Amino acid sequence: MADQQMTVMTGNEAAATAAKLARVQVIAAYPITPQTSVVETLAAWVESGELPAEFVTVESEHSALSVCIAASTVGARVFTATSANGLAYMNEQVWWAAGARLPIVMGLANRAMAAPWNVLNDQQDSMSVRDAGWVQLYCRDNQEILDTFLQAFRIAERINVPVMVCYDGFLLSHTVMPVSVPDAAMADAFLPPRPAPLTVVDPDDPRNIGAVTLADPRADAEGTSCHGYMEIRALHHQALLSALDVIPQVDEEFAAVFGRAWGGLTWEYLLDDADVVLVAAGSLGTQLTVAAEALRAEGMKAGVLGIRSYRPFPVEALRAKLVGRKGALVFDKALSYGYEGPICSDLRAAMCGVNDAPLVFGAVCGLGGRDVSPEQLADAARRAVADVHAGASERPTDWINLHLEG
Amino acid sequence: MATRITELPDREFVLSGNRSCAGCGIGIGLRAITKALDGRMVMTVPASCLTVLGGMYPISSVSVPWVNMAFPATAAAASGLVAGLRAMGRAGEMTVLAMAGDGGTSDIGIQGLSGAAERNEDFIYVCYDNEAYMNTGTQRSGLTPAGARTTTTWSGKRENPKDMPRIMEAHGIPYVASTSAAFPADVYDKVRKARDIHGLRYIHMNTPCPSGWSFDPKDTVALGKMAVEAGLVVLYEVVDGVFKLTGRSAALARSGKPRVPVADYIETQGRFRGMTDDAVAAVQMWVDERWALYVARDAQGA
């Protein structure tokens, strides 16, 4: 298309480009590897005037999200990005942003959590805030990063819930790939300015925003009963669940303008007749497509089911894709220590009690940037199938490419 | 010209009836602050006594826009309000005012405040200093005075408080002031002056707390005034680096009369019960040194 320009860029550049195309009005961010070049790029554009936005060069991630929360409360379209310890440092405000129902979009270049220090990729950081009430979308390549950020603003502003766009640090953030970049008019056609906020900041109509809220409903000065904390939380949960409809809708709307779609909640590869389904979120899914091809070549009917929306967790969509298959092997780049991979747990729960559900096994790989090859992924699938043939109906999490023996 | 208390505007933005304790100094100060801004403001407030004063959803006791915020985030939130209003083309509509307690300012909030001051963000920051974490039941903060018993310093705090206004002064911001809720007109004048200055304006407001300091709620203003008479609290302002004693502190310095002994002030409050004579004398010496410094700075105008 003439109004889209094919270029080569990193995932971080794709994120920054999307923020510019979204005409973000306030940016606040603090540098952390591997997110840093997002901040640098946006700062340069704001300085040059290429992006007419307020850039607040805060002294910490906690303040980065605090600035975004306040600016979003006023009605501005806001953006921030971070990784790992930065996300952990702003954790309190991750919850605040969601509870305050602000349509903030945050980029997360996924990185391992310290200690020990490690700046390389896994998904432990975003998994640690999966329960905070944000939409979490995972990207598999740099085009999807750019496109998903544009979609994220539209999703966030439709349901008044913040959206975290997760993409693998270094593997995507620092790897250049061809990316089709739309021009401003095309982006504007998809993403109109932010609708008026729910929050009113006006001396002529003073409101107390985010005040202490009791457990039970309470009457206002006119005697009208207003929600208690639990009702407010229930509405937040409903909004997040509504994203199960909104995310695919927005993906369709995106396709109508740009001619590309990303599958909405999930995506798939060679899944039609697959008996064995390999499941992952993020760029690992792309590697699984190579593994699936190798397995197919040797006669195993393997396919890939990629999770794009981890929160809300697309239970119905996953059931629809997996019922009738023989097995699903979930590859997590994170761990709930003392249990298993988080996506694996969630998928098991989603399949529990469902007729004709596949056996679900879990594998953990790629922690702290440990390289994982398609061949190793294929091997993991071969091991899982062999275990099933040997009669296993459950087994411990398979750690891929682990060398404890030294 | 200093405004007289009888000349403060009649219009109230702190509504009658709120959830603060009897005799709480915050309400007195907040009335003067909101009057000074004619209510054309948005406040941001962290977890603190002020949150309690503000009311519980869906009822508010203050008729100005009010954005509640997490404990460490006051100054960053104010920065975000400034950026958001500017981005929306609404910067001229209202003053952004951050207001936090002594713990929220000098302890958990100091990093964000320092960052905002270094960036010279365009808002007024008021620290209401009631000298401990009063909302959680009187735990020591970085601004609790030496000798004061709190629920984390059962035998009395050993250390003198940080000098928060001087910390802020060191950031080179355009306006720093020290005031007291016991002098509402002084609070009013300082906020009024700050309103017309751009950049980060820091106002430190001593705020007597009957429950935390253990005194009769009817004595809030009397004790706040006594702290000034003793030189424990000094009213001053630093405008673009020029230091000037103001109000009662200026009069006290010029009168040359002796200040009220620290021991007399300490006597009035249960929190200081059990302080040894040596400890009181040490505080007196600390106050005397500081007072001499303030008077010298006032004479030099720097």
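The model is predicted.

## Two helices in chain B

Helix H1 of chain B spans residues 25-36, and helix H7 of chain B spans residues 184-195. The two pack at an angle of about 35°. Their axes are 8 Å apart. The crossing of H1(B) and H7(B) is right-handed.

From H1(B), the contact draws on Ile28(B), Gly29(B), Arg31(B), Ala32(B), Ile33(B), Lys35(B) and Ala36(B). They meet Pro184(B), Val187(B), Tyr188(B), Val191(B), Arg192(B) and Arg195(B) of H7(B). By class, the residues of this contact are 8 nonpolar, 1 polar and 4 charged.

## Where chain B touches chain A

On chain B, 41 residues are in contact with 41 residues of chain A. Several elements of chain B each supply at least two residues of this side: strand S1 (41-46), helix H2 (49-54), strand S2 (66-69), helix H3 (74-87) and helix H5 (110-118). H3(B) gives the largest share, 10 residues.

The side of chain B that touches chain A holds 23 nonpolar, 15 polar and 3 charged residues.

## A strand pairing between the chains

Strand S2 of chain B, one of the elements on the side that touches chain A, also pairs with a strand of chain A. Its partner is strand S9 of chain A, residues 208-209. The two strands run in the parallel sense, with 2 bridges. In one of these strands, S2(B), Trp66(B) is the bridge partner of Asn208(A).

Key: Residues numbered from 1 in each chain as written. Chains lettered and ligands numbered in written order. Predicted model: local features only at pLDDT ≥ 70, side-chain atom pairs only at ≥ 80, totals over all residues. Axes fitted to C-alpha atoms, helices over the stretch in contact; angles between N-to-C directions. Helix = DSSP H or I, 4+ residues; strand = E, 2+ residues; numbered from the N terminus. Left-handed = near helix turned anticlockwise from the far one by under 90°. Contact = placed C-beta atoms within 7 Å. Nonpolar A, V, L, I, M, F, W, Y, C, P; charged D, E, K, R; others polar. Pairing = 2+ DSSP bridges.
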